[in-house]
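Please read the points below with the model open.

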Amino acid sequence: MILEGKKVVIMGIRNKWSIAWGAAQSAYENGATVIFTHHPMENIEKLQKLIDEIPGAKTYPCDAESDESIKECLESIKAEFGKVDGILHAIAHANTEDLRNDFILTSREGYSHACDVSSYSLVATARIAREIGILNEGASIVSYTYFGSEKVVEAYNVMGVAKAALEASIRYLAKDLGKDGYRINAISAGPIKTLSAKGIKDFGSILDIVEERAPLHKNVTTKEVGDATTFLFSNMSSAITGEVIHVDNGFSIIGV
């Protein structure tokens, strides 16, 4: 088990269909102690039933739009679990109207909101984690992105812009975090039918296109993305930082 003895924080758990849950399951199966964070507005009773499926796991409220909330959350985790070896940033949000309408109609507030929650929250998390000393030597931070940051994907709109900012942030953070021996990478996952994906118009057609055109002719699963996350948490990826790794059955390599 490649995460034996390690502790990882999964930020942004929502439900059993989320990619974050796939990452949590993989981490636990590979020996890690799993710690969660959730948005304060989540239904904690419903969420707790899910978290209880992983022995010893706990969850802490965290509002990614607030530096104070992130700091309080990570300090609480450190007080109970000590230093951790990995943090998964699985947090993103855009206003529904900014996904349903043409991108040119994105409001200033909607643009700011999507970039703040989906991108800047990673910068804040990395900075605060380093400041409060919660990261063990050689710790690894991972975030999730999507192909819509590189190419225009119908109805992805402002989220594509936010994910592009996230990917650029990964590279700059890798330079800064590397001074302390920490790593940070992103996984660009293929489309997965999650609760968040329901906000994207005609999402089902995207799944059909990927299955048809990807070299492996199938859609990626939460388990596959979770296993890739486990690899990036592990010592097996100790020389990898600042990268965006595609886990999409090869779809991103296909041209016309």
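**Note on helix packing, cores and salt bridges**

1. The crossing of α5 and α6 is right-handed; a crossing is called right-handed if the near helix is turned clockwise from the far one by less than a right angle, and left-handed if anticlockwise. Helices (H or I, at least four residues) and strands (E, at least two) are DSSP runs, numbered from the N terminus.

2. On the basis of the description, this is a predicted model, in which local features need pLDDT of at least 70 and side-chain atom pairs count only at pLDDT 80 or more, while totals for chains, interfaces and linings use all residues. Residues are numbered from 1 along each chain as its sequence is written, and side-chain values use heavy atoms, with hydrogens and water left out.

3. Helices α5 and α6 pack at an angle of about 20°, and their axes are 8 Å apart. That angle makes α5 roughly parallel to α6. Axes are lines fitted to C-alpha atoms, for helices over the stretch in contact, and angles run from 0 to 180 degrees between N-to-C directions; those under 35 degrees count as roughly parallel, over 145 as roughly antiparallel, 65 to 115 as roughly perpendicular and the rest as oblique. The residues of α5 that meet α6 include G110, A114, L122 and R130, and those on the α6 side include V158, A165, I170 and L177. Contact means heavy atoms within 4.5 Å.

4. The largest nonpolar core has 34 residues, of which L74, I77, V84, I87, I134, L135 and I184 touch the most other members. Two or more residues each come from β1 (7-11), α3 (67-81), β4 (84-89), α5 (108-131), β5 (135-145), α6 (157-177) and β6 (183-189). Helix α5 gives the most, with 6 residues. Such a core is a set of buried Ala, Val, Leu, Ile, Met, Phe, Trp, Tyr and Cys residues joined through side-chain atoms within 4.5 Å. Buried means under 20% relative accessible area, exposed over 50%, and partly exposed in between (1.4 Å probe, protein chains only).

5. What does V84 touch, not counting residues up to four places away in sequence? Its contacts are K7, V9, I35, I77, I134, L135, N136 and A139. A second, separate core of 30 residues includes I19, V34, L47 and V142.

6. Helix α1 (residues 19-29) is largely enclosed by the rest of the structure, because 8 of its 11 residues are buried. These are I19, A20, W21, G22, A23, A24, S26 and A27. G31, which follows α1, has a positive phi, near 100°.

7. The model has 8 salt bridges, each a side-chain nitrogen of Lys or Arg within 4 Å of a carboxyl oxygen of Asp or Glu. One of them joins D67 and R127, with the closest N and O atoms 2.9 Å apart. This pair links distant parts of the chain, as D67 is in helix α3 and R127 in helix α5, 60 residues apart. D67 is partly exposed at 28% relative accessibility, and R127 is partly exposed with a relative accessible area of 28%.

8. K223 and D227 form another salt bridge, the closest N and O atoms being 2.8 Å apart. Both residues lie in helix α8 (residues 222-233), 4 residues apart, about one turn of the helix. D227 counts as partly exposed at 30%. Through shared partners, salt bridges also join D67, R127 and E131 into one network.

9. K179 pairs with D176 in a salt bridge whose closest N and O atoms are 3.9 Å apart. K179 is exposed at 62%, whereas D176 is partly exposed at 33%.
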